[in-house]
Amino acid sequence: MPALVLLGAQWGDEGKGKATDLLGGSVDYVVRYQGGNNAGHTVVVGDQKYALHLLPSGILSPGCTPVIGNGVVVDPAVLLSELSGLADRGVDTSKLLISGNAHLITPYHTTLDKVSERFLGKRKIGTTGRGIGPAYADKINRVGIRVQDLFDESILRQKVEAALDYKNQVLAKLYNRRAIAVDQVVEELLGYADRLSGYVADTTLLLNNAIDQGQVVLFEGGQGTLLDVDHGTYPFVTSSNPTAGGACTGTGVGPTKINRVIGILKAYTTRVGAGPFPTELLDEDGEKLRTIGGERGVTTGRDRRCGWFDAVIARYATRVNGLTDFFLTKLDVLTGWERIPVCVAYEIDGKRVEELPYSQTDFHHAKPIYETLPGWSEDITQAKTFDELPKNAQKYVQALEEMSGAPISAIGVGPGRDETIQINSFL
Ligand code: GDP
Ligand code: IMO
Ligand code: MG
């Protein structure tokens with residue numbers, strides 16, 4: 001099983017960090033393929049809790065090489081501070097590899113992210129303000145700065161000049177902000193070059209060779225399927241492709257080399273930021289899910305919007321990612337509800353709809369059609385096998401599996417590595 005993708009099946013924060021870390025001990029490489037430090041992946045090892053933003057969750061497994069692929073946008077200041085934070089806690093970060101083709105997030109990207117959100121007012125996306133959208137826009141617009149540019153001062157200066165020529169007009173004339181000096185940006189970026197140079201590698205060549213030699217490579221997605229710029233709830237999305245295809249373009253590994261695609265699926269639903277969310281609960285149940293589930297953003301500290309499980313979304317994730325397995329997380333959070341509603345279809349303009357509508361307007365009008373399943377009250381956090389779960393928890397998992405279109409191969413019953421019921425092996 002040389003290559004597998006692990007990605008979010010909903011709107012992010014499904015527990016990808018925990019799932020990646022769990023597999024980290026058995027794989028040779030863990031590779032981030034898109035996104036940047038908009039991600040917040042929590043890993044709990046024993047009594048230690050880590051919040052990772054840019055670094056792949058495999059960094060906490062000593063045998064595993066963490067890789068930042070070409071599809072990621074890298075804020076060098078954040079990267080270096082994350083590395084030193086982990087080193088201070090005794091984590092060996094020396095194996096990290098970074099693609100020279102990954103694009104950089106510079107201070108002007110972060111500024112533009114914030115001012116453009118302010119400019120949008122009521123229509124804002126609710127971004128993380130980390131410069132993600134502007135950095136990807138520059139990449140597509142062919143005025144981005146790449147990691148490799150840090151090592152050629154003359155090229156770096158030319159590229160920063162080209163980018164700022166236009167952006168300074170926008171900043172000054174549209175947003176009424178001060179222009180940003182080329183020298184200041186170049187100087188700051190050059191200041192990172194020496195500290196990053198040892199990590200930069202031809203990651204595409206290295207990963208392809210590793211797979212050809214039978215080593216195990218895990219691609220770790222940031223965000224989630226419904227935040228994908230092509231397949232998500234556009235325009236309320238992030239600016240990259242968290243879906244499975246992103247693992248190929250974001251690393252330079254072809255689809256024929258990927259054997260398994262695992263969707264991380266929360267036993268209920270959450271979303272951070274603006275945009276449609278059919279099963280959102282604005283009542284006591286939503287507040288209860290938020291409190292028991294600890295649903296507060298790892299990156300921005302914002303409260304997550306909470307709602308019941310949505311099987312239409314899970315089926316959609318199976319389809320657009322070609323999922324082979326689900327890893328169902330946070331089942332323990334649902335303990336104590338007498339009955340648990342699950343959305344099985346939508347009602348749109350009086351009609352029952354089983355699949356996610358492609359039309360934005362239809363999705364905004366979608367009302368959830370619920371089936372209600374019986375709950376359980378027993379503590380499940382110590383369960384190690386499926387049979388140890390209460391009968392109603394087993395039925396809940398089986399019902400979700402039937403509705404979602406791929407086998408549930410693991411179940412999370414707590415945040416820790418060992419709080420997992422493994423049903424089918426991923427490797
Ligand atoms: P990610 O962005 O997908 O990595 O997810 P986050 O780390 O942002 O949010 C998931 C949260 O749920 C974290 O606080 C995890 O420690 C926690 N978590 C993950 N799996 C489980 C689980 O099965 N049960 C419980 N109770 N918490 C979990
Ligand atoms: P992980 O990897 C949840 C959301 C933001 C906003 C939208 C666009 O921890 O699951 P951006 O800053 O990316 O331009 O913001 O995407 N968002 C996330 N929501 N989890 C994440 O990452 C997210 N990364 C971005 O809240 O709605
Ligand atoms: Mg997160």
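Tutor: Buried stands for under 20% relative accessible area, exposed for over 50%, and partly exposed for what lies in between, with a 1.4 Å probe and protein chains only. The model is predicted, so local features need pLDDT of at least 70, side-chain atom pairs count only at pLDDT 80 or more, and totals for chains, interfaces and linings use all residues. Residues are numbered from 1 along each chain as its sequence is written, chains are lettered from A and ligands numbered from 1 in the order in which they are written, and side-chain values use heavy atoms, with hydrogens and water left out.

Student: Is D13 buried, exposed or partly exposed, and why?

Tutor: D13 counts as partly exposed because its relative accessibility is 21%.

Student: Where do D13 and G40 sit in the chain?

Tutor: D13 is in the loop between strand 1 (3-8) and helix 1 (16-24), and G40 is in the loop between strand 2 (29-32) and strand 3 (41-45). The pair is 27 residues apart and links distant parts of the chain. Helices (H or I, at least four residues) and strands (E, at least two) are DSSP runs numbered from the N terminus.

Student: And why is G40 called buried?

Tutor: Because its relative accessibility is 11%.

Student: New topic. How many aromatic pairs are there?

Tutor: The structure holds 6. Rings of Phe, Tyr and Trp (its six-membered ring) pair if their centres lie within 6.5 Å; planes under 30 degrees apart are stacked, over 60 edge-to-face, the rest tilted. One of them is F119 with Y175, edge-to-face at 5.3 Å centre to centre and 90 degrees between the planes.

Student: Why is the pair of W308 and W337 edge-to-face?

Tutor: Because the planes of W308 and W337 are at 80 degrees, with the ring centres 5.7 Å apart. Both residues are buried.

Student: What sits over the ring of W337?

Tutor: The charged end of K288, 4.1 Å from the ring centre. The criterion is NZ of Lys or CZ of Arg within 6 Å of the ring centre and within 35 degrees of the ring normal. The charged end of R89 likewise sits over the ring of Y50, 4.1 Å from its centre.
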